[in-house]
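Hello,

Here is the structure I promised to pass on. Please have a look, and then read my notes below.

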There are 2 protein chains.
Amino acid sequence: MAKEGKSIVLSAYCDSGYPGPEHFTIETVPVDDLADGGLLVQALVMSADPYLRASVKSNSGKPLGTPMSGFIAGKVLESKNAAWKAGDLFGASLPFTTVQVVTADQLSKTVSWKLSEFITEDQISLGIGVLGMPGVTAYAGLVDVLRPNEGETLFVSAASGAVGSLVGQIGKHVYKLKTIASAGGPKKCALCKDAFGYDEAIDYKTASNTAELTALLKAAAPDGIDMYFENVGSMHFEAALAALRAKGRIAVCGSISAYSDAAPQPCAIHPGQLIYKLQRIEGFMCAPWLGDPKGKALRAMAAWWKEGKLKVQETDYHGVERWPEAFNALFTGANVGKVVVHVA
Amino acid sequence: MAKEGKSIVLSAYCDSGYPGPEHFTIETVPVDDLADGGLLVQALVMSADPYLRASVKSNSGKPLGTPMSGFIAGKVLESKNAAWKAGDLFGASLPFTTVQVVTADQLSKTVSWKLSEFITEDQISLGIGVLGMPGVTAYAGLVDVLRPNEGETLFVSAASGAVGSLVGQIGKHVYKLKTIASAGGPKKCALCKDAFGYDEAIDYKTASNTAELTALLKAAAPDGIDMYFENVGSMHFEAALAALRAKGRIAVCGSISAYSDAAPQPCAIHPGQLIYKLQRIEGFMCAPWLGDPKGKALRAMAAWWKEGKLKVQETDYHGVERWPEAFNALFTGANVGKVVVHVA
């Protein structure tokens, strides 16, 4: 059994612009002894997600020289905890270290979930996608925050990404919505329509300001939109507000356009609009759904995936050393679907 | 029985600045015959509310020469409708006409409610206040949109007004909240604390921009606010966002600072703030609560008023001719509490 692992360590802060290989080092670390209540685990895949951008800033409180943490999926190698056994597949938020001991205390404070019930080891990448944080996030935002009604119109930004691609498919295939994607470039737009079933796809790169993006959105949805799943911010937020119908809802999940700005520009809003249109804007995070002991969101996602309602697209990287490059791709737009770093 | 009434008629549009006597005429109008299913009613009080500002704009769709409509309370003089009898006290949204026939068709399309169960004729002004639109609006926004938890901090703008004064008192005396008022000038601020029980009162006229108002708000609520009942817009909205704690909610009820601007400035918002703070911004109107056949909001307001939890302050005008002046006072800040025009 491996007595050492490899960690992705933050080596330099990045306050503006895009983080990449120059901000991380890969370090070999010893594996602690396994004590009662703990687990020895092997990461099989590590996730690269936009929310991690905040950890790389100098105001994050994260000391240089410490491992990055985020979502991983893997296998229990050895268990001294009654809830887990060797061979169990899991998803969890943990340090980005290939082989590590998770203590009882750590386990009680982190979010983790079992995957063996749903998938086999060769499908482990789903544990950081449709059966992990992105899947549960898509469920939480669409089902519980936006609360769709059949026939309504849903607009999704970053629509070919890990979360957006699932939001669109749940919207289309489960809730029978009209779905409108925003994505960057013709290739991603085609993917949104062909693979993810979006009815319309807007290439936001052809719009240089809010008015132009609003015009594209109104052309795709002449009667306006009922719901907006917000992953981007900036002109996307303003265009969605401009096209939002009465009783419209915006679920704010991400704001990637602002993550790499040291001083992002605010969006413009007329609060009075919300009154007569009875509109709601609500931010959310997936933590309460991921931590739900009944696993409502995870079970629903697993069922829809098994029914063939959710197609999964991945951009794969092989080797823990490539995680910084994978992370960078989220911001440059080089990725499609879920970014997966295979580290077994 | 009177065979003619007096109407408040829109005679000139007002697209910017404050509407006043120069925009209205008072006209004598004949009373229609009473047909089956209808009512002959006498208005006893007419309301002047900020939301009526929209009717006075040239883009309102309201033709010049037609009567203003809004909330009135009064008495049924004669009934040909089984649901009502002569002498019943009512509240309703109707034309501002002192004596009028309400047809069966009109009655089916307007919101109206019975007041005789709660008050006597000498208390009729409550039918356009605590037991009318402002009371039901205060209930809807605080109880059902903001959903308070005991011990939380509530910020209310236009806090000495018809709605705000009730929101603060429900918050303080029913939900045991810490309540913070914003009002214009020392007299209104004193009233907020002395009559309406606010814990703190901010004189927004001493702040000339968002940063200054935010500083006043943070001084009054050093740990931030959990809820904001929005009546004003502009720097109030931005200051509330700046002070809003995790899981904070904003109920958007009004935006009076923008009503008299031909092209109001938008507010600034960083949508990303809402994510990690799990915040919600929601617009609402009282119509669904006013139209609720069970009268949940009205019954609760009546009970709290009877228990002495809600003090009522009115600014009274006598004579239908004075309605334009009363309406103007809403925008100049000359009113305190509920503006009531007695027209019997």
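This is a predicted model: local features need pLDDT of at least 70, side-chain atom pairs count only at pLDDT 80 or more; totals for chains, interfaces and linings use all residues.

Residues are numbered from 1 along each chain as its sequence is written, chains are lettered from A and ligands numbered from 1 in the order in which they are written, and side-chain values use heavy atoms, with hydrogens and water left out.

First, the interface. In chain B, 27 residues are in contact with 27 residues of chain A (heavy atoms within 4.5 Å). About 2,400 Å² is buried between the two chains, and carbon and sulfur atoms give 71% of that area (accessible area, 1.4 Å probe, that two parts lose on being put together, summed over both). The count of salt bridges between chain B and chain A is zero (a side-chain nitrogen of Lys or Arg within 4 Å of a carboxyl oxygen of Asp or Glu).

The strands S14 of chain A and chain B (residues 280-283 in chain A) run antiparallel and are joined by three bridges (strands are DSSP runs of E, at least two residues, numbered from the N terminus; they pair if DSSP finds at least two bridges). Ile281(A) stands opposite Ile281(B) there.

Now the strand. All six of the six residues of S11(B) (225-230) are buried, so this strand is largely enclosed by the rest of the structure (buried is under 20% relative accessible area, 1.4 Å probe, protein chains only). S11(B) runs parallel to S8(B), with three bridges, and pairs in the parallel sense with S12(B) over five bridges. Tyr228(B) stands opposite Phe155(B) and also opposite Ile250(B) in S12(B).

Best wishes

Notes:
Helices (H or I, at least four residues) and strands (E, at least two) are DSSP runs, numbered from the N terminus. Buried means under 20% relative accessible area, exposed over 50%, partly exposed in between (1.4 Å probe, protein chains only).
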